[in-house]
Amino acid sequence: MSPIRRTVRPALSTALRPALRTAAGAFLALPVGLAAVALTLTGRPGRAAHWQGRLSGGRGWTGGRVLGRAVLGLPLDVAAFALIGYALFNSVRNFGYPVWYLGSDYHQAWGGPTMAGVWAVHAGGWLLCLAVLLHWPVRWLARGQRAVGRRITGE
């Protein structure tokens, strides 16, 4: 591996990993919470506590606490799921711009008249938006989700 790759690669991965891990946890809180509720209501509270503990961390999860977390954390979970779902959808749309809009007239699009320019503007602009989304709103929602979990488990 070249010396440049050795210095750039760790810096990028250390800066990006925490943001992606936080976003993934915030995004999965709603589906995991709903699955945990279903498991609790069908008589498998131990399994529900296991799933909730794996996602939220911490100990002390019981079937009742899983239900309480699902109810109290629902507004935060829905907001995080919607925001990160929007970010995922637009990531595919903007980074795959040449695939989706190749048959259209892209000469008047931002960055035109070439497809390379159009793609660069859309991908670069979305990277900036994505950085802002992952840096502030998603982090705030994830902090709120963790706070609800800590309050419920008493940690």
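Select D77 to begin. D77 sits in helix α4, residues 74–95. A helix here is a DSSP run of H or I with at least four residues, a strand is a run of E with at least two, and both are numbered from the N terminus. This is a predicted model, where local features need pLDDT of at least 70, side-chain atom pairs count only at pLDDT 80 or more, and totals for chains, interfaces and linings use all residues. Residues are numbered from 1 along each chain as its sequence is written, and side-chain values use heavy atoms, with hydrogens and water left out.

**Stop 1: around D77**

Is D77 buried or exposed? D77 counts as buried because its relative accessibility is 3%. Buried means under 20% relative accessible area, exposed means over 50%, and partly exposed lies in between (1.4 Å probe, protein chains only).

Now show the neighbours. Leaving out residues up to four places away in sequence, D77 touches A29, L30, R69 and Q145. A contact means heavy atoms within 4.5 Å.

Pick R69 next. R69 and D77 form a salt bridge, and their closest N and O atoms are 3.0 Å apart. The rule asks for a side-chain nitrogen of Lys or Arg within 4 Å of a carboxyl oxygen of Asp or Glu. How many salt bridges does this rule give? The count is 1. Both partners, D77 and R69, are buried.

**Stop 2: helices α3 and α7**

Select residues 63–72 for α3 and residues 137–153 for α7. These two helices pack at an angle of about 145°, and their axes are 10 Å apart. From α3, the contact uses R65, G68, R69 and L72. From α7, it uses Q145, V148, G149, I152 and T153. Axes are lines fitted to C-alpha atoms, for helices over the stretch in contact, and angles run from 0 to 180 degrees between N-to-C directions.

**Stop 3: the end of α1**

Move to helix α1, residues 3–41, and click T40. T40 counts as buried because its relative accessibility is 14%. Which residues does T40 touch, not counting those up to four places away in sequence? They are P45, A48, G63, V66 and L67.

Step along to L41, also found in helix α1. L41 counts as exposed because its relative accessibility is 66%. Draw a distance from L41 to L67. Their C-alpha atoms are separated by 9.0 Å, although the two residues are 26 residues apart along the chain.

**Stop 4: a surface patch**

Select V92, V99 and W100. Together they form a nonpolar patch on the surface, with about 350 Å² of accessible area. Patches are made of residues with over 30% relative accessible area and no salt bridge; like charges are joined within 9 Å, and nonpolar side chains (Val, Leu, Ile, Met, Phe, Trp, Tyr) within 5 Å. Areas come from the Shrake-Rupley method with a 1.4 Å probe, and for residues only the protein chains shown count as cover.

Zoom in on W100. W100 is in helix α5, residues 97–101. W100 counts as exposed because its relative accessibility is 52%.

**Stop 5**

Go on to D105. D105 is in the loop between α5 and α6, where α6 is residues 115–135. D105 counts as exposed because its relative accessibility is 58%.

**Last stop: the whole protein**

Zoom out. The protein has 7 helices and 0 strands. Of its 155 residues, 32% are buried. The accessible surface comes to about 9900 Å², and 68% of that belongs to carbon and sulfur atoms. Among contacts with a separation of 6 or more, 62% join residues 24 or more positions apart.
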